[in-house]
Amino acid sequence: IQNLDTLASADLNVLVNKSDLVGERRQNFDLLTAQYLNEVRLARQNLINIQNQLNISSASDSEASDSSYKTGKLYQEAEAAIFDLESKTINYLYSIQVIMPTVSYQKYSKKFRAFYNSFNFTNNEIK
């Protein structure tokens with residue numbers, strides 16, 4: 001959750017050379033980036049909700065098997081949320097490729113992927 005908070009509050013504009021994107025390209029980049037960061041915030045909030053449900057589930061006095069089932073299901077939901085974010089990250093990278101000049105995209109993509117992969121959300125690296 002802390003890593004998602006860091007990603008959601010990151011200024012991704014520092015990863016791109018300002019002179020490479022002007023006018024409509026800059027507006028499209030800003031729009032796509034804002035949409036992506038909103039998806040990150042939604043994933044973060046989803047994980048917070050799951051964490052709260054886990055806390056409630058562990059505090060309740062329900063049967064052990066029922067509690068174990070609910071806990072397992074919540075962990076699966078959390079894992080699904082993280083993999084969904086990874087999918088949205090890949091979609092984000094493909095969508096900005098269309099609006100950026102090739103060299104600019106390659107530089108931005110390399111920096112962004114290194115930044116994203118540093119969080120180790122999953123065992124997979126975005127390449």
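The secondary structure of the protein chain amounts to four helices and zero strands, where helices (H or I, at least four residues) and strands (E, at least two) are DSSP runs numbered from the N terminus. Read from the N terminus, the order of the elements is α-α-α-α. The model is predicted, so that local features require pLDDT of at least 70 and side-chain atom pairs count only at pLDDT 80 or more, whereas totals for chains, interfaces and linings use all residues. Residues are numbered from 1 along each chain as its sequence is written, and side-chain values use heavy atoms, with hydrogens and water left out.

The overall dimensions were considered next. Along the principal axes, the C-alpha atoms fill a box of roughly 60 × 25 × 20 Å. Of the 127 residues, 35% count as buried; the term denotes under 20% relative accessible area, with exposed over 50% and partly exposed in between (1.4 Å probe, protein chains only). The accessible surface comes to about 8100 Å², and 49% of it belongs to carbon and sulfur atoms. These areas come from the Shrake-Rupley method with a 1.4 Å probe, and for residues only the protein chains shown count as cover.

Contacts, defined by heavy atoms within 4.5 Å, were examined by sequence separation. Among those between residues at least 6 apart in sequence, 72% join residues at least 24 apart. As for charge, the mean positions of the 13 positive and 14 negative charges are 11 Å apart. Lys and Arg count as positive and Asp and Glu as negative, while His and the chain ends are not counted; each charge is placed at NZ of Lys, CZ of Arg, CG of Asp or CD of Glu.

A search of the whole structure for aromatic pairs finds nine. Rings of Phe, Tyr and Trp (its six-membered ring) pair if their centres lie within 6.5 Å; planes under 30 degrees apart count as stacked, over 60 as edge-to-face and the rest as tilted. The pair of Tyr108 and Phe112 is stacked, because the ring centres are 6.0 Å apart and the planes stand at 20°. Both residues belong to helix H4 (residues 102-117), where they are four residues apart, about one turn of the helix. Tyr108 and Phe112 are both buried. The rings of Phe119 and Phe121 are likewise stacked, since their centres are 5.4 Å apart and their planes are at 25°. Phe119 is buried at a relative accessible area of 11%, and Phe121 is buried at 18%. One aromatic cluster is formed by Phe29, Tyr36, Tyr92, Tyr108, Phe112, Phe115, Tyr116, Phe119 and Phe121.

Phe115, a member of this cluster, lies in helix H4 and is partly exposed, with 25% relative accessibility. Apart from neighbours within four places in sequence, Phe115 is in contact with Leu7, Ala10 and Leu12. Phe115 and Ala10 are 105 residues apart along the chain, and their C-alpha atoms are separated by 10.0 Å.

Tyr105 is also found in helix H4 and is buried, with a relative accessible area of 11%. When residues up to four places away in sequence are not counted, Tyr105 touches Leu93, Tyr94, Ile96, Gln97 and Met100. The C-alpha atoms of Tyr105 and Leu12 are separated by 13 Å, the two residues being 93 residues apart along the chain.

Asn117, another residue of helix H4, counts as buried at 14% relative accessibility. With residues up to four places away in sequence not counted, Asn117 touches Glu125 and Ile126. Between the C-alpha atoms of Asn117 and Lys127, 10 residues apart along the chain, the separation is 9.1 Å. In the segment after H4, Asn120 has phi near 55°, a positive value in a residue other than glycine. Asn120 counts as exposed, at 59% relative accessibility.

In helix H2 (residues 24-59), Ile48 is buried with a relative accessible area of 18%. Ile48 and Asn3 are 45 residues apart in sequence, and their C-alpha atoms are 12 Å apart in space.
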